[in-house]
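Good morning, and thank you for coming. Today I shall speak about pairs of charged side chains in one protein model.

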Amino acid sequence: MIHWDETTWAELDVAYCWNLWQPLTPMGKRAKRRARPFRPGEEREWEQVLREQDEINLWLAAHPRCQALVSHCLKKMPDIEGQLDKLGADEVLGLTDWFHMKQFLWQFGQLHHLMREHRCTVVSLMPEEDVPLVEQCLARLNPGTNRTAAFWIDDAYDDDLRRLRQQWRRMEIKERERVEQCKREIEEAYGIRRNRLGTWTVPCHTPLEEALRQDRRVVCEAETAYDVTFRLPEVADQEMARLQEQVEAREQAVCVQLTEEFRRVYPRLRYWMQQVTHFDLQWSRYHAGQKWAGVRPEWDGDRVLLEGAIHPGIAQDVAAEGRSVTPIDLEVGRGVTVITGPNMGGKTVALKTVGLIAVLAHYGLFVPATACRLPLMHWIASTLGDGQSTKQGLSRFGAEVVRLTEWLNQPGEGLLLLDEIGRGTNPREGAALAQAITSRLSEGNDWAVHVTHYHEVNQLPGIRRYRVAGLSWTDLEREGLGSEGAWRERLHRHMDYRLIPVQREEALDADALRLALLLGLPEEIVADAERRLGSGEDEGKTAAESG
(Lines give C-alpha, C1' and ligand atoms only; values in the text may rest on other atoms or scores of the structure.)
Protein backbone atom coordinates (compact mmCIF):
# COMPACT_ATOMS: atom_id res chain seq x y z
CA MET A 1 0.00 0.00 0.00
CA ILE A 2 1.34 3.45 -0.88
CA HIS A 3 1.99 5.71 2.05
CA TRP A 4 4.03 8.54 3.50
CA ASP A 5 4.49 9.39 7.14
CA GLU A 6 3.55 12.57 9.00
CA THR A 7 7.14 13.82 8.85
CA THR A 8 7.20 13.64 5.06
CA TRP A 9 3.78 15.30 4.87
CA ALA A 10 5.02 18.15 7.07
CA GLU A 11 8.41 18.51 5.37
CA LEU A 12 6.80 18.79 1.94
CA ASP A 13 4.30 21.42 3.20
CA VAL A 14 1.41 19.43 1.71
CA ALA A 15 -1.16 20.94 4.08
CA TYR A 16 -1.41 24.22 2.15
CA CYS A 17 -2.65 22.54 -1.03
CA TRP A 18 -4.56 19.85 0.84
CA ASN A 19 -6.65 22.49 2.60
CA LEU A 20 -7.58 24.05 -0.74
CA TRP A 21 -9.29 20.81 -1.73
CA GLN A 22 -12.72 21.49 -0.21
CA PRO A 23 -15.70 19.23 -1.03
CA LEU A 24 -19.05 20.98 -0.61
CA THR A 25 -21.27 18.18 0.74
CA PRO A 26 -20.93 16.52 4.16
CA MET A 27 -20.56 13.18 2.34
CA GLY A 28 -17.78 14.60 0.16
CA LYS A 29 -15.94 16.00 3.19
CA ARG A 30 -16.14 12.61 4.87
CA ALA A 31 -14.97 10.85 1.71
CA LYS A 32 -11.97 13.19 1.45
CA ARG A 33 -10.95 12.30 5.01
CA ARG A 34 -11.08 8.64 4.01
CA ALA A 35 -9.39 9.17 0.63
CA ARG A 36 -6.35 7.08 -0.12
CA PRO A 37 -3.76 7.57 -2.85
CA PHE A 38 -3.92 5.54 -6.03
CA ARG A 39 -1.60 2.51 -6.00
CA PRO A 40 0.52 0.97 -8.74
CA GLY A 41 -1.85 -1.22 -10.74
CA GLU A 42 -4.67 1.34 -10.45
CA GLU A 43 -3.55 3.42 -13.40
CA ARG A 44 -6.86 2.97 -15.22
CA GLU A 45 -8.91 4.24 -12.26
CA TRP A 46 -6.42 7.08 -11.73
CA GLU A 47 -6.64 8.22 -15.33
CA GLN A 48 -10.46 8.05 -15.18
CA VAL A 49 -10.48 10.45 -12.22
CA LEU A 50 -8.18 12.84 -14.09
CA ARG A 51 -10.17 12.55 -17.32
CA GLU A 52 -13.40 13.47 -15.53
CA GLN A 53 -11.77 16.68 -14.27
CA ASP A 54 -10.80 17.50 -17.86
CA GLU A 55 -14.43 17.00 -18.84
CA ILE A 56 -15.62 19.28 -16.04
CA ASN A 57 -13.29 21.95 -17.38
CA LEU A 58 -14.66 21.60 -20.92
CA TRP A 59 -18.26 21.59 -19.69
CA LEU A 60 -17.82 24.74 -17.60
CA ALA A 61 -16.07 26.47 -20.50
CA ALA A 62 -19.23 25.88 -22.54
CA HIS A 63 -21.66 26.59 -19.68
CA PRO A 64 -19.98 29.03 -17.23
CA ARG A 65 -23.30 29.83 -15.47
CA CYS A 66 -23.51 26.24 -14.29
CA GLN A 67 -20.58 26.65 -11.92
CA ALA A 68 -22.51 28.66 -9.34
CA LEU A 69 -25.69 26.60 -9.82
CA VAL A 70 -23.96 23.26 -9.28
CA SER A 71 -22.05 24.56 -6.26
CA HIS A 72 -25.32 25.85 -4.76
CA CYS A 73 -26.96 22.42 -5.10
CA LEU A 74 -23.97 20.66 -3.56
CA LYS A 75 -23.78 23.08 -0.61
CA LYS A 76 -27.49 22.52 0.12
CA MET A 77 -27.17 18.73 -0.01
CA PRO A 78 -27.62 17.27 3.50
CA ASP A 79 -25.90 14.18 4.85
CA ILE A 80 -28.23 11.15 4.81
CA GLU A 81 -25.67 8.57 5.91
CA GLY A 82 -27.38 8.26 9.30
CA GLN A 83 -30.83 7.94 7.74
CA LEU A 84 -29.62 5.21 5.39
CA ASP A 85 -28.03 3.38 8.30
CA LYS A 86 -31.39 3.44 10.09
CA LEU A 87 -33.16 2.07 7.01
CA GLY A 88 -30.59 -0.70 6.77
CA ALA A 89 -31.01 -1.51 10.47
CA ASP A 90 -34.86 -1.62 10.33
CA GLU A 91 -35.17 1.49 12.51
CA VAL A 92 -38.02 3.96 12.08
CA LEU A 93 -37.08 7.37 10.73
CA GLY A 94 -38.36 10.39 12.67
CA LEU A 95 -39.39 13.88 11.59
CA THR A 96 -35.84 15.24 11.39
CA ASP A 97 -34.73 12.18 9.41
CA TRP A 98 -37.46 12.74 6.84
CA PHE A 99 -36.59 16.41 6.59
CA HIS A 100 -32.98 15.48 5.66
CA MET A 101 -34.17 12.78 3.27
CA LYS A 102 -36.47 15.15 1.42
CA GLN A 103 -33.81 17.87 1.24
CA PHE A 104 -31.38 15.37 -0.27
CA LEU A 105 -33.88 14.13 -2.87
CA TRP A 106 -34.89 17.69 -3.70
CA GLN A 107 -31.32 18.92 -4.31
CA PHE A 108 -30.39 15.65 -6.01
CA GLY A 109 -33.26 16.05 -8.46
CA GLN A 110 -32.36 19.70 -9.06
CA LEU A 111 -28.73 18.80 -9.73
CA HIS A 112 -29.61 15.97 -12.10
CA HIS A 113 -32.03 18.20 -14.01
CA LEU A 114 -29.40 20.95 -14.28
CA MET A 115 -26.74 18.59 -15.61
CA ARG A 116 -29.12 16.89 -18.02
CA GLU A 117 -30.44 20.21 -19.32
CA HIS A 118 -26.91 21.45 -20.05
CA ARG A 119 -25.73 18.09 -21.38
CA CYS A 120 -23.14 17.35 -18.75
CA THR A 121 -21.95 13.74 -19.06
CA VAL A 122 -18.98 13.99 -16.69
CA VAL A 123 -20.59 11.78 -14.04
CA SER A 124 -23.98 10.17 -14.39
CA LEU A 125 -25.75 10.85 -11.11
CA MET A 126 -28.37 8.25 -12.02
CA PRO A 127 -29.63 6.37 -15.09
CA GLU A 128 -32.67 7.88 -16.78
CA GLU A 129 -34.83 5.00 -15.61
CA ASP A 130 -34.23 6.18 -12.02
CA VAL A 131 -35.73 9.63 -12.66
CA PRO A 132 -39.38 8.51 -12.16
CA LEU A 133 -38.37 6.78 -8.93
CA VAL A 134 -36.85 9.99 -7.55
CA GLU A 135 -40.05 11.82 -8.47
CA GLN A 136 -42.13 9.17 -6.73
CA CYS A 137 -40.04 9.45 -3.57
CA LEU A 138 -40.39 13.23 -3.58
CA ALA A 139 -44.12 13.00 -4.18
CA ARG A 140 -44.47 10.57 -1.27
CA LEU A 141 -42.75 13.11 0.99
CA ASN A 142 -44.89 15.91 -0.42
CA PRO A 143 -48.50 14.61 -0.56
CA GLY A 144 -49.97 18.10 -0.59
CA THR A 145 -50.59 20.18 -3.69
CA ASN A 146 -47.70 22.64 -3.23
CA ARG A 147 -44.23 21.26 -3.99
CA THR A 148 -41.60 22.43 -1.54
CA ALA A 149 -38.19 21.36 -0.25
CA ALA A 150 -39.39 21.43 3.37
CA PHE A 151 -40.96 18.43 5.08
CA TRP A 152 -43.77 18.07 7.60
CA ILE A 153 -46.36 15.38 8.20
CA ASP A 154 -49.13 16.81 6.07
CA ASP A 155 -52.84 16.19 6.83
CA ALA A 156 -52.99 14.55 3.40
CA TYR A 157 -51.07 11.54 4.72
CA ASP A 158 -53.96 10.17 6.78
CA ASP A 159 -57.70 10.91 7.07
CA ASP A 160 -57.76 10.13 10.79
CA LEU A 161 -54.79 12.44 11.29
CA ARG A 162 -56.64 15.23 9.47
CA ARG A 163 -59.78 14.71 11.57
CA LEU A 164 -57.86 14.67 14.88
CA ARG A 165 -55.90 17.80 13.99
CA GLN A 166 -59.08 19.63 13.00
CA GLN A 167 -60.68 18.67 16.28
CA TRP A 168 -57.60 19.71 18.23
CA ARG A 169 -57.45 23.06 16.39
CA ARG A 170 -61.12 23.76 17.22
CA MET A 171 -60.46 23.04 20.89
CA GLU A 172 -57.32 25.20 20.77
CA ILE A 173 -59.33 28.12 19.35
CA LYS A 174 -61.98 27.65 22.02
CA GLU A 175 -59.34 27.62 24.75
CA ARG A 176 -57.70 30.79 23.40
CA GLU A 177 -61.08 32.51 23.41
CA ARG A 178 -61.69 31.43 27.01
CA VAL A 179 -58.28 32.76 28.10
CA GLU A 180 -58.82 36.06 26.31
CA GLN A 181 -62.23 36.51 27.89
CA CYS A 182 -60.80 35.85 31.35
CA LYS A 183 -58.01 38.40 30.79
CA ARG A 184 -60.48 41.05 29.69
CA GLU A 185 -62.60 40.44 32.81
CA ILE A 186 -59.59 40.83 35.09
CA GLU A 187 -58.46 44.01 33.36
CA GLU A 188 -61.97 45.50 33.56
CA ALA A 189 -62.29 44.53 37.22
CA TYR A 190 -58.96 46.05 38.34
CA GLY A 191 -58.34 48.74 35.70
CA ILE A 192 -54.97 47.25 34.62
CA ARG A 193 -53.46 46.27 31.25
CA ARG A 194 -51.35 43.27 30.40
CA ASN A 195 -47.75 43.65 29.18
CA ARG A 196 -46.33 42.17 25.97
CA LEU A 197 -45.88 38.84 27.75
CA GLY A 198 -49.56 38.68 28.62
CA THR A 199 -48.96 39.17 32.37
CA TRP A 200 -49.70 42.00 34.82
CA THR A 201 -47.12 43.76 36.97
CA VAL A 202 -48.34 45.89 39.89
CA PRO A 203 -46.58 47.78 42.73
CA CYS A 204 -45.93 45.98 45.99
CA HIS A 205 -47.81 46.71 49.21
CA THR A 206 -50.83 48.24 47.55
CA PRO A 207 -54.53 47.39 47.72
CA LEU A 208 -54.31 46.27 44.08
CA GLU A 209 -51.63 43.73 44.90
CA GLU A 210 -53.64 42.44 47.85
CA ALA A 211 -56.79 42.11 45.72
CA LEU A 212 -54.99 40.17 43.00
CA ARG A 213 -53.46 37.86 45.57
CA GLN A 214 -56.98 37.03 46.72
CA ASP A 215 -58.31 36.46 43.17
CA ARG A 216 -58.25 32.74 42.35
CA ARG A 217 -58.20 33.48 38.61
CA VAL A 218 -54.53 34.55 38.73
CA VAL A 219 -51.31 33.33 40.31
CA CYS A 220 -48.14 35.13 41.35
CA GLU A 221 -45.39 34.52 38.79
CA ALA A 222 -42.55 36.65 40.21
CA GLU A 223 -41.96 39.41 42.74
CA THR A 224 -39.25 41.89 43.64
CA ALA A 225 -38.85 44.50 46.35
CA TYR A 226 -40.85 46.92 44.20
CA ASP A 227 -43.49 44.99 42.24
CA VAL A 228 -45.31 41.69 41.76
CA THR A 229 -46.14 39.95 38.45
CA PHE A 230 -49.36 37.93 38.05
CA ARG A 231 -50.51 35.60 35.28
CA LEU A 232 -53.33 33.22 34.49
CA PRO A 233 -52.71 29.69 35.76
CA GLU A 234 -52.09 26.95 33.25
CA VAL A 235 -55.15 24.76 32.93
CA ALA A 236 -54.54 21.12 32.19
CA ASP A 237 -57.17 20.23 29.61
CA GLN A 238 -57.45 16.47 29.66
CA GLU A 239 -59.34 16.34 26.39
CA MET A 240 -56.72 18.36 24.54
CA ALA A 241 -53.92 16.26 26.03
CA ARG A 242 -55.72 13.10 24.90
CA LEU A 243 -56.14 14.50 21.39
CA GLN A 244 -52.45 15.52 21.25
CA GLU A 245 -51.43 11.96 22.14
CA GLN A 246 -53.67 10.62 19.37
CA VAL A 247 -52.17 13.07 16.85
CA GLU A 248 -48.64 12.04 17.82
CA ALA A 249 -49.58 8.37 17.50
CA ARG A 250 -50.94 8.94 13.97
CA GLU A 251 -47.81 10.91 13.04
CA GLN A 252 -45.67 8.03 14.27
CA ALA A 253 -47.78 5.64 12.19
CA VAL A 254 -47.08 7.79 9.12
CA CYS A 255 -43.33 7.64 9.88
CA VAL A 256 -43.54 3.86 10.17
CA GLN A 257 -45.36 3.60 6.84
CA LEU A 258 -42.87 5.89 5.09
CA THR A 259 -39.97 3.91 6.53
CA GLU A 260 -41.40 0.65 5.18
CA GLU A 261 -41.90 2.19 1.75
CA PHE A 262 -38.43 3.77 1.55
CA ARG A 263 -36.78 0.61 2.81
CA ARG A 264 -37.75 -0.96 -0.53
CA VAL A 265 -35.68 1.64 -2.41
CA TYR A 266 -32.80 1.61 0.08
CA PRO A 267 -30.23 0.26 -2.46
CA ARG A 268 -31.04 3.06 -4.92
CA LEU A 269 -30.85 5.71 -2.19
CA ARG A 270 -27.45 4.39 -1.19
CA TYR A 271 -26.34 4.41 -4.84
CA TRP A 272 -27.55 7.98 -5.38
CA MET A 273 -25.66 9.18 -2.33
CA GLN A 274 -22.49 7.46 -3.56
CA GLN A 275 -22.84 9.12 -6.96
CA VAL A 276 -23.28 12.55 -5.37
CA THR A 277 -20.23 11.91 -3.19
CA HIS A 278 -18.12 10.92 -6.18
CA PHE A 279 -19.24 13.94 -8.18
CA ASP A 280 -18.55 16.27 -5.24
CA LEU A 281 -15.01 14.88 -4.91
CA GLN A 282 -14.41 15.42 -8.62
CA TRP A 283 -15.97 18.88 -8.57
CA SER A 284 -13.80 19.92 -5.62
CA ARG A 285 -10.68 18.27 -7.11
CA TYR A 286 -11.16 20.31 -10.25
CA HIS A 287 -11.62 23.58 -8.34
CA ALA A 288 -8.59 22.88 -6.13
CA GLY A 289 -6.47 22.44 -9.26
CA GLN A 290 -7.83 25.72 -10.61
CA LYS A 291 -6.58 27.52 -7.49
CA TRP A 292 -2.99 26.63 -8.34
CA ALA A 293 -3.40 26.63 -12.16
CA GLY A 294 -2.89 22.89 -12.21
CA VAL A 295 -2.22 20.63 -15.16
CA ARG A 296 -3.34 17.05 -15.63
CA PRO A 297 -0.49 14.64 -14.81
CA GLU A 298 0.24 11.92 -17.37
CA TRP A 299 1.41 8.42 -16.57
CA ASP A 300 5.02 7.39 -17.25
CA GLY A 301 6.35 4.09 -16.06
CA ASP A 302 10.00 5.02 -15.57
CA ARG A 303 10.49 8.72 -14.84
CA VAL A 304 9.19 11.81 -13.12
CA LEU A 305 9.23 14.66 -15.64
CA LEU A 306 8.29 18.17 -14.49
CA GLU A 307 8.12 21.38 -16.47
CA GLY A 308 7.30 24.75 -14.99
CA ALA A 309 6.68 23.21 -11.55
CA ILE A 310 6.10 25.35 -8.47
CA HIS A 311 5.12 24.81 -4.85
CA PRO A 312 1.96 26.94 -4.26
CA GLY A 313 2.52 27.23 -0.53
CA ILE A 314 6.07 28.49 -0.97
CA ALA A 315 4.94 30.72 -3.85
CA GLN A 316 2.40 32.37 -1.53
CA ASP A 317 5.05 33.00 1.16
CA VAL A 318 7.46 34.45 -1.41
CA ALA A 319 4.73 36.64 -2.92
CA ALA A 320 4.10 38.13 0.53
CA GLU A 321 7.71 39.40 0.35
CA GLY A 322 7.11 40.96 -3.06
CA ARG A 323 8.98 38.27 -4.99
CA SER A 324 8.04 35.35 -7.23
CA VAL A 325 9.26 31.78 -7.38
CA THR A 326 11.20 30.36 -10.29
CA PRO A 327 9.45 27.33 -11.83
CA ILE A 328 11.65 24.26 -12.08
CA ASP A 329 12.20 21.81 -14.93
CA LEU A 330 13.46 18.45 -13.76
CA GLU A 331 13.63 14.85 -14.92
CA VAL A 332 14.03 12.13 -12.29
CA GLY A 333 14.73 8.65 -13.61
CA ARG A 334 15.16 5.41 -11.73
CA GLY A 335 18.28 5.55 -9.61
CA VAL A 336 19.58 8.87 -8.32
CA THR A 337 19.31 12.44 -9.52
CA VAL A 338 21.80 14.73 -7.77
CA ILE A 339 21.23 18.47 -7.40
CA THR A 340 24.13 20.72 -6.46
CA GLY A 341 24.52 24.47 -6.21
CA PRO A 342 25.17 27.40 -3.92
CA ASN A 343 23.67 27.95 -0.50
CA MET A 344 20.27 29.70 -0.63
CA GLY A 345 19.95 28.53 -4.22
CA GLY A 346 16.52 26.90 -3.83
CA LYS A 347 17.64 23.26 -3.82
CA THR A 348 15.44 22.30 -0.87
CA VAL A 349 12.52 24.15 -2.49
CA ALA A 350 13.06 21.98 -5.57
CA LEU A 351 12.89 18.83 -3.41
CA LYS A 352 9.66 20.01 -1.76
CA THR A 353 8.16 20.84 -5.14
CA VAL A 354 8.92 17.38 -6.54
CA GLY A 355 7.49 15.67 -3.47
CA LEU A 356 4.37 17.83 -3.27
CA ILE A 357 3.52 17.27 -6.93
CA ALA A 358 3.96 13.52 -6.53
CA VAL A 359 1.63 13.47 -3.52
CA LEU A 360 -1.07 15.56 -5.20
CA ALA A 361 -0.91 13.46 -8.35
CA HIS A 362 -1.37 10.25 -6.38
CA TYR A 363 -4.64 11.63 -4.98
CA GLY A 364 -5.93 12.27 -8.49
CA LEU A 365 -5.43 16.04 -8.33
CA PHE A 366 -4.12 18.27 -11.07
CA VAL A 367 -0.61 19.51 -10.18
CA PRO A 368 1.01 22.97 -10.13
CA ALA A 369 3.14 22.72 -13.27
CA THR A 370 2.89 23.29 -17.02
CA ALA A 371 3.59 19.61 -17.70
CA CYS A 372 3.95 16.51 -15.53
CA ARG A 373 4.62 12.84 -16.19
CA LEU A 374 5.17 10.28 -13.44
CA PRO A 375 4.48 6.69 -12.40
CA LEU A 376 2.26 5.57 -9.54
CA MET A 377 4.51 4.63 -6.64
CA HIS A 378 4.22 2.57 -3.48
CA TRP A 379 5.63 5.26 -1.20
CA ILE A 380 7.10 8.75 -0.99
CA ALA A 381 9.59 9.75 1.71
CA SER A 382 11.80 12.69 2.58
CA THR A 383 14.59 13.68 4.93
CA LEU A 384 14.53 17.47 4.62
CA GLY A 385 14.25 18.95 8.08
CA ASP A 386 16.51 19.18 11.09
CA GLY A 387 15.14 15.82 12.21
CA GLN A 388 16.39 15.93 15.81
CA SER A 389 14.34 13.80 18.17
CA THR A 390 14.69 14.84 21.80
CA LYS A 391 12.13 12.21 22.75
CA GLN A 392 14.29 9.41 21.36
CA GLY A 393 17.57 11.10 22.30
CA LEU A 394 18.70 11.35 18.67
CA SER A 395 20.85 14.04 17.09
CA ARG A 396 20.14 15.31 13.60
CA PHE A 397 22.48 12.70 12.17
CA GLY A 398 20.98 9.89 14.26
CA ALA A 399 17.39 10.78 13.36
CA GLU A 400 18.37 11.08 9.69
CA VAL A 401 19.92 7.61 9.68
CA VAL A 402 16.89 6.08 11.42
CA ARG A 403 14.50 7.59 8.87
CA LEU A 404 16.68 6.64 5.92
CA THR A 405 17.02 3.06 7.15
CA GLU A 406 13.26 2.76 7.52
CA TRP A 407 12.57 3.91 3.98
CA LEU A 408 15.41 1.96 2.37
CA ASN A 409 13.74 -1.18 3.71
CA GLN A 410 10.28 -0.31 2.39
CA PRO A 411 8.82 -2.85 -0.05
CA GLY A 412 7.83 -1.70 -3.51
CA GLU A 413 9.18 1.20 -5.52
CA GLY A 414 9.07 4.73 -4.19
CA LEU A 415 10.33 8.30 -4.38
CA LEU A 416 13.08 9.23 -1.89
CA LEU A 417 14.00 12.89 -1.36
CA LEU A 418 17.28 13.47 0.47
CA ASP A 419 18.61 16.82 1.64
CA GLU A 420 22.33 16.88 2.47
CA ILE A 421 22.71 13.33 3.75
CA GLY A 422 25.67 13.13 6.14
CA ARG A 423 25.98 16.80 6.98
CA GLY A 424 25.11 16.10 10.62
CA THR A 425 28.47 14.42 11.32
CA ASN A 426 32.15 15.19 10.57
CA PRO A 427 32.79 16.11 6.92
CA ARG A 428 34.97 13.13 5.86
CA GLU A 429 32.63 10.50 7.27
CA GLY A 430 29.58 12.42 6.10
CA ALA A 431 30.94 12.60 2.56
CA ALA A 432 31.78 8.90 2.53
CA LEU A 433 28.34 7.98 3.84
CA ALA A 434 26.60 10.24 1.32
CA GLN A 435 28.68 8.69 -1.44
CA ALA A 436 27.84 5.13 -0.34
CA ILE A 437 24.12 5.82 0.01
CA THR A 438 23.96 7.54 -3.38
CA SER A 439 25.88 4.68 -4.99
CA ARG A 440 23.47 2.15 -3.48
CA LEU A 441 20.43 4.08 -4.68
CA SER A 442 21.87 4.47 -8.18
CA GLU A 443 21.70 0.69 -8.56
CA GLY A 444 18.06 0.37 -7.46
CA ASN A 445 14.67 0.84 -9.09
CA ASP A 446 13.47 3.63 -6.82
CA TRP A 447 13.43 7.27 -7.82
CA ALA A 448 15.78 9.27 -5.57
CA VAL A 449 16.69 12.95 -5.58
CA HIS A 450 19.71 13.94 -3.50
CA VAL A 451 20.64 17.55 -2.78
CA THR A 452 24.27 17.74 -1.70
CA HIS A 453 27.40 19.92 -1.49
CA TYR A 454 29.76 16.94 -1.39
CA HIS A 455 31.83 16.87 -4.58
CA GLU A 456 32.52 13.18 -3.90
CA VAL A 457 28.84 12.45 -4.54
CA ASN A 458 28.88 14.52 -7.71
CA GLN A 459 31.74 12.39 -9.07
CA LEU A 460 29.84 9.09 -8.87
CA PRO A 461 29.08 7.30 -12.15
CA GLY A 462 25.55 6.36 -13.18
CA ILE A 463 23.75 9.38 -11.73
CA ARG A 464 21.72 12.16 -13.34
CA ARG A 465 23.08 15.61 -12.42
CA TYR A 466 21.53 19.05 -12.08
CA ARG A 467 22.91 22.24 -10.65
CA VAL A 468 21.33 25.52 -9.65
CA ALA A 469 22.30 28.18 -12.19
CA GLY A 470 23.52 30.28 -9.26
CA LEU A 471 24.49 33.87 -8.53
CA SER A 472 25.44 36.55 -11.00
CA TRP A 473 28.57 37.51 -9.13
CA THR A 474 29.69 40.39 -11.35
CA ASP A 475 26.50 42.36 -10.82
CA LEU A 476 26.16 41.37 -7.18
CA GLU A 477 29.74 42.36 -6.23
CA ARG A 478 29.46 45.64 -8.13
CA GLU A 479 26.15 46.51 -6.42
CA GLY A 480 26.99 45.04 -3.02
CA LEU A 481 24.53 43.59 -0.52
CA GLY A 482 23.88 46.90 1.23
CA SER A 483 22.16 47.23 4.57
CA GLU A 484 20.78 44.41 6.65
CA GLY A 485 17.28 45.11 5.36
CA ALA A 486 18.36 45.10 1.70
CA TRP A 487 20.82 42.21 1.38
CA ARG A 488 18.21 39.46 1.20
CA GLU A 489 16.27 41.19 -1.59
CA ARG A 490 19.46 41.85 -3.61
CA LEU A 491 20.68 38.31 -3.11
CA HIS A 492 17.42 36.89 -4.44
CA ARG A 493 17.43 39.34 -7.33
CA HIS A 494 20.85 38.17 -8.50
CA MET A 495 20.23 34.46 -7.85
CA ASP A 496 19.21 32.33 -10.85
CA TYR A 497 17.18 29.48 -9.34
CA ARG A 498 16.81 27.47 -12.54
CA LEU A 499 17.97 23.85 -12.48
CA ILE A 500 20.49 23.23 -15.24
CA PRO A 501 21.16 19.65 -16.47
CA VAL A 502 24.83 18.67 -16.18
CA GLN A 503 26.04 16.13 -18.71
CA ARG A 504 29.26 15.27 -16.87
CA GLU A 505 30.83 15.87 -13.47
CA GLU A 506 31.63 19.53 -12.93
CA ALA A 507 33.68 21.15 -10.20
CA LEU A 508 31.44 22.78 -7.63
CA ASP A 509 31.74 26.55 -7.40
CA ALA A 510 33.21 27.76 -4.12
CA ASP A 511 30.50 30.36 -3.57
CA ALA A 512 30.31 30.09 0.20
CA LEU A 513 33.43 32.12 0.96
CA ARG A 514 32.58 34.90 -1.50
CA LEU A 515 29.08 35.08 -0.06
CA ALA A 516 30.41 35.12 3.51
CA LEU A 517 32.61 38.08 2.62
CA LEU A 518 29.70 39.98 1.08
CA LEU A 519 27.60 39.24 4.18
CA GLY A 520 30.20 41.01 6.31
CA LEU A 521 32.49 38.29 7.70
CA PRO A 522 35.91 39.86 8.43
CA GLU A 523 38.27 39.69 5.45
CA GLU A 524 41.07 38.07 7.44
CA ILE A 525 38.83 35.15 8.38
CA VAL A 526 37.72 34.61 4.77
CA ALA A 527 41.35 34.88 3.58
CA ASP A 528 42.43 32.29 6.17
CA ALA A 529 39.64 29.96 5.01
CA GLU A 530 40.72 30.37 1.36
CA ARG A 531 44.33 29.53 2.31
CA ARG A 532 43.24 26.43 4.20
CA LEU A 533 40.98 25.36 1.35
CA GLY A 534 43.75 25.74 -1.19
CA SER A 535 46.34 23.89 0.88
CA GLY A 536 44.04 21.10 2.01
CA GLU A 537 45.03 21.90 5.60
CA ASP A 538 41.48 21.66 6.90
CA GLU A 539 41.04 18.24 5.33
CA GLY A 540 44.29 17.02 6.83
CA LYS A 541 43.26 18.13 10.29
CA THR A 542 39.92 16.42 9.90
CA ALA A 543 41.63 13.20 8.85
CA ALA A 544 44.01 13.35 11.79
CA GLU A 545 41.20 13.99 14.22
CA SER A 546 39.20 11.12 12.78
CA GLY A 547 42.16 8.76 13.06
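With which residue does Arg169 form a salt bridge? The partner is Asp155, and the closest N and O atoms are 3.3 Å apart. By a salt bridge I mean a side-chain nitrogen of Lys or Arg within 4 Å of a carboxyl oxygen of Asp or Glu. This pair links distant parts of the chain, 14 residues apart: Arg169 is in helix H9 (residues 159-190), and Asp155 is in the loop between helix H8 (131-140) and H9. Helices here are DSSP runs of H or I with at least four residues, numbered from the N terminus.

A word on the basis of these values. This is a predicted model, in which local features need pLDDT of at least 70 and side-chain atom pairs count only at pLDDT 80 or more, while totals for chains, interfaces and linings use all residues. Residues are numbered from 1 along each chain as its sequence is written, and side-chain values use heavy atoms, leaving out hydrogens and water.

In total, the structure holds 40 salt bridges. In another of them, Arg270 pairs with Glu81, with 3.2 Å between the closest N and O atoms. Arg270 lies in helix H12 (residues 266-291) and Glu81 in helix H6 (residues 81-88), so this pair ties together parts that are 189 residues apart in sequence. Arg270 is buried, at 17% relative accessible area, whereas Glu81 is partly exposed, at 21%. Buried means under 20%, exposed over 50%, and partly exposed in between, with a 1.4 Å probe and protein chains only.

Technical notes: Helices (H or I, at least four residues) and strands (E, at least two) are DSSP runs, numbered from the N terminus.
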